[in-house]
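Let's take a look at how strands line up in a protein model. Have the sequence and the 3D view handy as you read.

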Amino acid sequence: MKALNFKIKILIYFLIIVLFLGISVFTVVLTIINNNIIHKAQNELKTCLRSARSIYDEELRNIKLAFELFSWNGNPGGLEEFKKKAGLDYLVIADRDHDALKYNEIVRSAFKGKKVSGNRIMTKKELIGINNELYKKVRMEVKYTPRGRKVEQDHLNEALVMEYARPVKNNENKTVKVIYGGRIINKYFTLVDKIRDLLFEHSFFEDIPMGTVTIFQHDIRITTNVLDKEKNRAIGTKVSEQVYEEVLQKGKRWFQRAFVVSHWYMTGYEPIKDINGKIIGMLYVGLLEKPFLKLKKDFYLLTFGIILICIIAAVLISFLFSASISRA
């Protein structure tokens, strides 16, 4: 009986040591995962968002550079050629009676003699006035998603544009006209794919994009490589209420996990503003959360397996140890 009690005591001591070491190892592994993997990925997103903004702004700088190099002699054919070479969606010559003065703050600023560039919202009326086919191309259905904001309109009829305007002056150095043009961001998939490929590469996890990039017009995705359940680009879908409040209403950058259309991502958002500082959209980058959760799960299972093996070994060793002492 005493020998049995002795064996039990030895077993308990061994188990206590193994459990203490196991819990310590598990805590260390958990800390390593959260601090060195998840936390590092979240910090990397901040760098990715800055890089995405730089690439986005570079598009506008390229338009500006094209305008700076353009010399117009009044020939209409030269305008069309310049528009094509610069990759512009529209190019307009406006005099002081032009309707653009009513709704285009960039053109109004250019009439003051300044060269101006920036983002703005182009209205349905202006789109149709420039080219009805342009409006048809831009128009998109607004779609419901389970975690997205409430859909309050059937279609998006306006466009987010990046634009540059340059004054045209007479011999007396007075601005008589403004030449302006730009690129429409709606359905401009080349831009978001370029950002994604540079930041994340075109990689997938279980047929889901690992890294995604989106440009929003207000709270609506207007160009994206986020996919919906049918594996189509999720344009026309809306952002969540929480992101809307923090980024569009409060003007803050936002770095947290978020449900993006159909999957959880570690995300970064920041506002897009017009030349007057008004928030008119958002830029988003995201890393799929699933691979990191799987990595955490694999580490947990590996650690648990090691602890379990150690417990079994401790039981065997304690019995062998206690038996050898009992025989001594």
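What follows is a short tour of some strands and their partners. Keep in mind that this is a predicted model.

Let's start with strand E12, which covers residues 263–273. Eight of its 11 residues are buried (under 20% relative accessible area), so the rest of the structure largely encloses E12.

On one hand, E12 pairs with strand E11 (residues 254–260), and the two run antiparallel. Here Phe259 has Trp264 of E12 as its bridge partner. The hairpin made by E11 and E12 has two residues between the strands, and Val261 takes a positive phi near 65° there.

E12 also pairs with strand E13 (residues 279–288), again in the antiparallel sense. Thr267 sits opposite Gly286 in E13. This hairpin has five residues between its strands, and Gly277 in the turn shows a positive phi of about 85°.

**An open sheet**

Now for another group: four strands form an open sheet in the order E1-E6-E5-E2, with antiparallel pairing. Strands E1 (90–95) and E2 (116–122) are at the edges with a single partner strand each, so one side of each has no neighbour in the sheet. From one strand to the next, the twist averages 30°.

Within this sheet, E5 (residues 159–169) pairs with E6 (residues 175–184). Val161 stands opposite Ile184 in E6.

Here are the antiparallel pairs side by side:

| Strand pair | Bridges |
|---|---|
| E11 and E12 | seven bridges |
| E12 and E13 | nine bridges |
| E5 and E6 | nine bridges |

Note on methods:
Residues numbered from 1 in each chain as written. Predicted model: local features only at pLDDT ≥ 70, side-chain atom pairs only at ≥ 80, totals over all residues. Heavy atoms only, no water. Buried < 20%, exposed > 50% of the residue type's maximum accessible area, 1.4 Å probe, protein only. Pairing = 2+ DSSP bridges. Axes fitted to C-alpha atoms, helices over the stretch in contact; angles between N-to-C directions.
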